[in-house]
Amino acid sequence: MTLFESDARAAIAEALDDQVPGASELGAVGYIEQLLSAFDFDPPRIWAGPDGWIAPGPWEAHAWRARIETWRAVYERVGRRELAKGDRRIVHMHACEATYGDPAYGGNRDEQGWVRVAFPSPQYPPAGSRA
């Protein structure tokens, strides 16, 4: 899935790497694209559980849609290299999540983020098994 044009993708990758070096190599842009398109799936790809994706309740879905709308605007600005106040904080948060989170969410390719910090792969549920 590709949400961003190539120039915007490159700018987003650069911004993520500025926050966590190597984040883009570990799939951070794919993580962002999966996050921003979470509601294109049923159930939405927000919470990975041991047996698949867990559907949010109505209020949770409403809150997540609002967050995603805000984040989409952030990454549109990042893609144009026109960051607003507070955008770097969002990019930093997502660069960390993408680099060190469960691969089920689209980042931490081949668990290499965990390898960087000597974090063992979870035994149950297997990391990334819910994709």
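**Before you start**

The model is predicted, so local features are described only where pLDDT is at least 70 and side-chain atom pairs only at pLDDT 80 or more, while totals for chains, interfaces and linings use all residues. Residues are numbered from 1 along each chain as its sequence is written, and side-chain values use heavy atoms, with hydrogens and water left out.

**Stop 1: helix H2**

Select residues 28-36, which form helix H2. Helices here are DSSP runs of H or I with at least four residues, strands are runs of E with at least two, and both are numbered from the N terminus. Is H2 mostly covered or mostly open? H2 is mostly covered, with eight of its nine residues buried. Buried means under 20% relative accessible area, exposed means over 50%, and partly exposed is in between (1.4 Å probe, protein chains only). The buried residues are Ala-28, Val-29, Tyr-31, Ile-32, Glu-33, Gln-34, Leu-35 and Leu-36. Now show helix H1 (6-19), strand S2 (52-54), H3 and H4, which are among the elements that cover them.

**Stop 2**

Zoom in on Leu-35, a residue of helix H2. Leu-35 counts as buried at 12% relative accessibility. Leaving out residues up to four places away in sequence, Leu-35 touches Trp-64, Ile-68, Trp-71 and His-94; a contact means heavy atoms within 4.5 Å.

From Leu-36 to Arg-72 the C-alpha distance is 6.4 Å, although 36 residues separate them in sequence.

**Stop 3**

In soluble globular proteins, nonpolar side chains tend to be buried together. Here, the largest nonpolar core has 26 residues, and Phe-4, Leu-16 and Tyr-75 touch the most other members. H1, H2, H3 and H4 are the elements that give two or more residues to this core. Such a core is a set of buried Ala, Val, Leu, Ile, Met, Phe, Trp, Tyr and Cys residues joined through side-chain atoms within 4.5 Å.

Select Tyr-75 and display its surroundings. Apart from neighbours within four places in sequence, Tyr-75 is in contact with Phe-4, Ile-12, Leu-16, Ile-32, Leu-36, Ile-90, Val-91 and His-94.

**Stop 4: the largest pocket**

Select Tyr-31, Gln-34, Leu-35, Arg-45, Ile-46, Trp-64, Trp-71, His-94, Glu-97, Gly-101, Asp-102 and Tyr-105, which line the largest pocket. Helix H2, helix H3 (58-79) and helix H4 (87-100) each give two or more residues to this lining. Which element gives the most? H2 does, with three residues. A pocket is an open set of points on a 1 Å grid over the protein atoms alone, where a 1.4 Å probe fits and protein lies on both sides within 12 Å along at least five of seven lines; lining residues have an atom within 4 Å of a point.

The volume of this pocket is about 200 Å³, that is, the space filled by probe spheres set on the points, with grid points joined across faces, edges and corners. Colour the lining by type and you will find six nonpolar, three polar and three charged residues. Ala, Val, Leu, Ile, Met, Phe, Trp, Tyr, Cys and Pro count as nonpolar, Asp, Glu, Lys and Arg as charged, and the others, Gly among them, as polar.

**Stop 5**

Move to the loop between H2 and strand S1 (47-49), where Ser-37 lies. Ser-37 is buried, at a relative accessible area of 2%. A polar atom of the Ser-37 side chain lies 2.8 Å from the backbone oxygen of Glu-33. Pro-43 is in the loop between H2 and S1 as well, and the peptide bond from Asp-42 to Pro-43 is cis, with omega near 0 degrees.

**Stop 6: the loop between H4 and H5**

Finish at Asn-108, in the loop between H4 and helix H5 (112-116). Is Asn-108 buried or exposed? Asn-108 is buried, with a relative accessible area of 0%. One polar atom of its side chain lies 2.8 Å from the backbone nitrogen of Gly-113.

Asp-110 lies in the loop between H4 and H5 too, but Asp-110 is exposed, at 64% relative accessible area. Check its backbone: phi of Asp-110 is near 55 degrees, a positive value in a residue other than glycine. Glu-111, also in the loop between H4 and H5, has a positive phi near 60 degrees.

Conventions:
A polar contact is a pair of N or O atoms within 3.5 Å; within protein, one must be able to donate a hydrogen and the other to accept it, and residues adjacent in sequence count only if both atoms are side-chain atoms.
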